[in-house]
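Open your viewer and get your selection tool ready. We will take a short walk, one stop at a time.

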Amino acid sequence: MSDYHFETDAIRNQTERSQFSEHSTPLYLTSSFVFDDAEEMRASFAEEKQRNLYSRFSNPNTTEFVDKIVKMEGAEAGYAFATGMSAVFSTFGALLNAGDHIVSCRSVFGSTHSMFTKYLPKWNIETSYFKINETEKIESLIQPNTKVLYAETPTNPGVDIIDLELLGEIAKKHNLLLIIDNCFATPYLQNPIKFGADLVIHSATKLIDGQGRVLGGVTVGSEDLIREIYLFSRNTGPAMSPFNAWVLSKSLETLSIRVEKHCENAMKVAEFLEDNATVNFVKYPFLKSHPQYEVAKKQMRLGGNIVAFEIKGGIEAGRAFLNKIKMCSLSANLGDTRSIVTHPASTTHASLSEEDRLEVGITDGLVRVSVGLEHVDDIIADLKQALQ
Ligand SMILES: *Cc1c(COP(=O)(O)O)cnc(C)c1O
């Protein structure tokens, strides 16, 4: 662990300066690295010497980015991927064997759900699900071949909270690997390793970049688990590009102040919606009315930037609301400087049956707002005119 505070590491944890004494870390756009002689090359490949060989394995820019996330999450090691999904898939690919079993929360990111239902079963890896309000059932889902306990919190798009301390206890008792997708919280708001997680995954595409420019992913955890993930990944090739790592490492320098402001704006948006007569309910982790408010307070620094609410009038009202939005973007992304509004029932989750949608908390009138960094009065004014 570092002696510095979060904000300081985010800025000062930097690749060594080159002979040009640059202040900001330069971009190392190189696919490979050269050796002085045969002996250096041999020692490097034998890993007797720690250095960059080839950018699929490591690169100064990806190393800088990974080291920052490792410190922020209180982990030992990490590896950076081209996307959040390549981080999720490679983590499972590296650690699971044919016939293993996963216990996961039901509301996971759409592509993660596809991985569980469509792709991992090819290797005879099956997944059992628990619903948010059924955490007492988790232990009954564990089988002799269960290897991983997996969850996202806050969840998408319902903004539910799962108790990380509880998951940590269950994982320890049953000797499972606890893997948490910490994307919605960012390393600034929540550190699952403190609660017993073995591995933490981020899609860096969201709040870590925070400006809608690049894709990226990262997995951090213990030295030995990351070693397996690293070896799997260096051979199968999902590495993050040095350019994206350079952008993302710069983004981390401002993560804390951006996320603070995102959360401040989101809280005001949530309070506005709670007082609006056209809204049935609002879900925001730091609103007292949130069903898991106490758990959110225990494990998160602030409530995040995602607000979910149910508009009165179902699917039609949801679609009409989207059509009246003037400033906010209609987009499937989240965690951008620009506020983004989505209506899951008619867009991202339209292919699910109503029953399946309800199981993950997506009612017909549910709207998800990724609150951005515009002036909060302008965000609220846009939502207000669209609700009328
Ligand atoms: C976006 C997202 C992912 C996937 O990340 P990509 O960078 O788009 O591949 C995984 N998990 C969560 C919770 C996400 O929001």
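Start by selecting Pro 154, which sits in the loop between strand 4 (146-152) and helix 7 (164-173). Helices here are DSSP runs of H or I with at least four residues, strands are E runs of at least two, and both are numbered from the N terminus. Before going on, note that this is a predicted model, where local features need pLDDT of at least 70, side-chain atom pairs count only at pLDDT 80 or more, and totals for chains, interfaces and linings use all residues. Residues are numbered from 1 along each chain as its sequence is written, and side-chain values use heavy atoms, with hydrogens and water left out.

Show the backbone here: the peptide bond from Thr 153 to Pro 154 is cis, with omega near -5°. Stay in this loop and pick Pro 157, which also lies between strand 4 and helix 7. Its bond to Asn 156 is cis too, with omega about -5°. Now click Val 159, again in the loop between strand 4 and helix 7. Val 159 is not a glycine, yet its phi is positive, about 55°.

Next, select the ligand and the residues around it. Which residues surround the ligand? They are Thr 83, Gly 84, Met 85, Phe 109, Glu 152, Asp 181, Cys 183, Phe 184, Ser 203, Thr 205, Lys 206 and Gly 216, each with a heavy atom within 4 Å of the ligand. Colour this shell by class and you will find four nonpolar, five polar and three charged residues; Ala, Val, Leu, Ile, Met, Phe, Trp, Tyr, Cys and Pro count as nonpolar, Asp, Glu, Lys and Arg as charged, and the others, Gly among them, as polar.

Now draw some distances to ligand oxygen atoms. A side-chain N or O atom of Lys 206 is 2.7 Å from one, a backbone N or O atom of Met 85 is 2.8 Å from one, and a polar side-chain atom of Ser 203 is 2.9 Å from one. On its own the ligand has 380 Å² of accessible area, and the protein covers 92% of that (Shrake-Rupley method, 1.4 Å probe).

For the last stop, select helix 11 (residues 255-274) and helix 15 (residues 376-387), whose axes come within 10 Å and cross at roughly 30°. The axes are lines fitted to C-alpha atoms over the stretch in contact, with angles from 0 to 180 degrees between N-to-C directions. Helix 11 and helix 15 are therefore roughly parallel (angles under 35 degrees).

Terms used
Polar contact = N/O pair within 3.5 Å; in protein donor to acceptor, adjacent residues only side chain to side chain. Parallel < 35°, antiparallel > 145°, perpendicular 65-115°, else oblique.
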